[in-house]
Amino acid sequence: MTHHYTVLHGGTILSFDGALPTDAASRASGDPGVRDAAGRRATAICYAHERILAVGGDAEILAMAGPDSHVVDLRGRAVLPGFVEPHAHPYWEGFVAGMRLLAGRERRAALKALPGGAERLEPDAWLVGRYDPTGWDRPDDPTRDDLDRAVPDRPVLLAHVSGHAVTANSLALALAGIGPETPDVPGRSAIERDETGEPTGILRGPDAWDRVASAMPAPTAADGHAALARAAARLAADGVTSVADADLGSTAGLAAELAAWGEAITSGAMPLAVSLMPGLVRIAPAPDDAVPSPADIAADLPDAARARVRLTHVKLKADGALTTHTAWLRAPYEDAPHAGGPVHDTSALAERIRGAVAAGWAVATHAIGDAAVAAVLDAYAAAAATAPDPAHPHRVEHAMLLDGDLIARLAASGATAVVQPEFLAWAGATYRARLGEERAAQLLPFAALLAAGIPMAFSSDRPVVPGAPLDGVRAALRHDSGLSVAEALHAWTAAGAMALGDDDAGRLEVGRRSDLVILSRDPTAVPTRAWARGDDGIAVIATIAGGRLVAGRLEGLA
Ligand SMILES: [Zn+2]
């Protein structure tokens with residue numbers, strides 16, 4: 001039987017099938033002789049439909065081809081496992097894809113672009129967009145007054161690109177019922193006020209978006225489907241074959257987003273492998289609410305989609321973002337008279353995690369500041385004492401500000417660090433302003449995490465940053481000269497699959513899912529310095545998910 005085999009030959013196949021230890025760990029242990037993180041190298045691969053059938057030399061693999069096989073000469077190109085994106089926001093990415101992003105260098109010029117965004121909207125429609133002040137000459141968040149001046153006649157809601165703050169104009173605040181008397185919700189949404197007590201329009205915290213967006217007309221089912229189709233196309237073009245939504249329900253609510261995912265998977269608009277991580281505070285809003293199990297959430301998916309969705313982790317937030325001064329630090333910010341703070345107080349955090357584990361989930365907790373990472377590790381330890389072991393390791397999302405003690409504690413915890421190298425390329429200058437040079441130098445020590453034996457997966461948190469994995473590799477190698485190219489690629493493939501508990505992805509081995517990316521040439525043959533400078537010349541040629549071409553082309557590889 002040779003029907004419908006696809007044979008790719010004449011290239012470099014990087015299997016990433018080598019188990020840890022990685023290069024950094026083997027260097028640290030003085031044992032450089034082991035296979036590097038790129039795993040086995042071969043020249044050909046054969047797959048049929050969903051499954052990889054063989055990896056090996058050209059003669060051996062070409063012998064499997066029959067008259068019905070699709071045989072492609074790679075002409076020296078490289079085949080890697082498809083990139084795994086264990087922490088992204090695809091619904092949000094698709095939702096904002098056509099919207100204005102106010103960025104650039106001049107704050108005034110950015111805000112001037114705002115009225116143009118309203119031109120094609122219906123008279124009463126909300127103007128929704130995002131802003132990124134990290135490059136602005138005056139990096140102050142926009143206020144309601146700025147927005148009122150630009151667009152006085154319709155509600156306007158701008159989300160900070162990090163997702164941890166929003167600004168609303170006067171009409172939007174009024175529709176959301178937010179005024180001088182509206183109380184803050186400690187840890188969850190803080191309404192910034194001027195000296196007279198009037199809201200400035202800026203809200204910070206994990207619920208800032210919901211607080212205003214709840215007054216907006218809900219996206220329709222068609223909007224949700226279109227958002228996920230757009231996100232799938234963008235991810236596939238970047239070589240991604242597995243994606244996790246790391247806060248299901250955060251844009252349009254749990255029910256609407258779950259329905260959109262079910263519909264997009266069933267219709268084929270979302271052809272990638274999907275993991276959904278429901279927001280814990282969305283499936284169990286009050287601390288003593290019973291936490292629904294993964295099976296309870298899966299029951300709301302259509303039958304045809306259920307088997308294609310992984311539900312292993314819930315998402316929880318311990319703090320906010322450095323860019324919005326909401327990350328929780330041990331010592332105050334360099335440029336603000338406070339140290340941020342927790343979203344949940346320490347005992348509530350531990351209780352939430354224990355409840356999720358008891359319901360059958362592992363937990364992925366967002367923790368950026370050093371105080372937040374410490375609190376999460378305490379909470380994981382406390383939960384372990386009273387709840388069953390989850391089937392998959394817990395995760396710490398971002399884990400940005402770490403010292404030697406926290407690295408050792410993270411290693412001992414067994415949790416996976418899911419980190420975002422492209423954050424450093426995007427907001428490095430802002431981080432230095434927030435933390436001072438000395439603390440900023442402690443951010444994201446990739447090689448040290450690997451040397452400590454911590455499972456480390458890369459991700460982008462897209463659309464916070466554009467999110468192409470190859471740009472993540474470049475940012476990582478620019479930031480940490482102790483990291484190898486193979487390790488950076490391992491963090492985008494095998495390690496990401498492990499973070500998702502997905503045995504089928506992340507490695508090119510017989511029997512695993514045929515998820516592959518074809519790159520223009522062997523990425524491990526390009527010197528680290530070239531990657532760090534961005535002149536590696538590596539590009540995605542084609543992306544294959546479950547044996548199906550989802551981006552680029554296979555024919556005419558010249
Ligand atoms: Zn995120």
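E351 comes out as partly exposed, with a relative accessible area of 41%; the label covers what falls between buried (under 20%) and exposed (over 50%), taken with a 1.4 Å probe on protein chains only. Its side chain meets that of R354 in a salt bridge at 3.0 Å, N to O, a salt bridge being a side-chain nitrogen of Lys or Arg within 4 Å of a carboxyl oxygen of Asp or Glu. Both residues sit in helix 13 (residues 346-358), three residues apart, or about one turn of the helix. R354 is partly exposed too, at 27% relative accessibility. Helices (H or I, at least four residues) and strands (E, at least two) are DSSP runs, numbered from the N terminus.

All of this is read from a predicted model, in which local features need pLDDT of at least 70 and side-chain atom pairs pLDDT 80 or more, while totals for chains, interfaces and linings use all residues. Numbering runs from 1 along each chain as its sequence is written, and side-chain values use heavy atoms, with hydrogens and water left out.

The structure holds 31 salt bridges. One of them joins R204 and D141 at 3.1 Å, N to O. R204 lies in strand 14 (residues 199-204) and D141 in the loop between strand 10 (127-131) and helix 5 (144-150), so this pair ties together parts 63 residues apart in sequence. Both partners are buried. D535 and R533 also pair up, their closest N and O atoms being 3.1 Å apart; here D535 is partly exposed at 45% and R533 is exposed at 56%. Elsewhere, salt bridges that share partners link E50, R51, D502, D504, R513 and D515 into one network.

Then there is the metal. The zinc ion is held at 2.1 Å by H87 (NE2), H89 (NE2) and D461 (OD), where donors are N, O and S atoms within 2.8 Å of the metal (3.2 Å for Na, K and Ca); water is not among the atoms, so sites may look incomplete. H87 belongs to strand 8 (residues 83-88) and D461 to the loop between strand 22 (456-458) and helix 18 (469-479), so the pair ties together parts 374 residues apart in sequence. H87 and D461 are both buried.

H89 turns up again at the largest cavity, where it is listed with S162, G163, S250 and K317 as closest to the centre among the 22 lining residues. Helix 7 (208-213) and strand 18 (313-317) are the elements that give two or more residues to this lining.

Note on methods. 1 Å grid on protein atoms, 1.4 Å probe; cavity = no way out; pocket = protein on both sides within 12 Å on 5 of 7 lines; lining within 4 Å.
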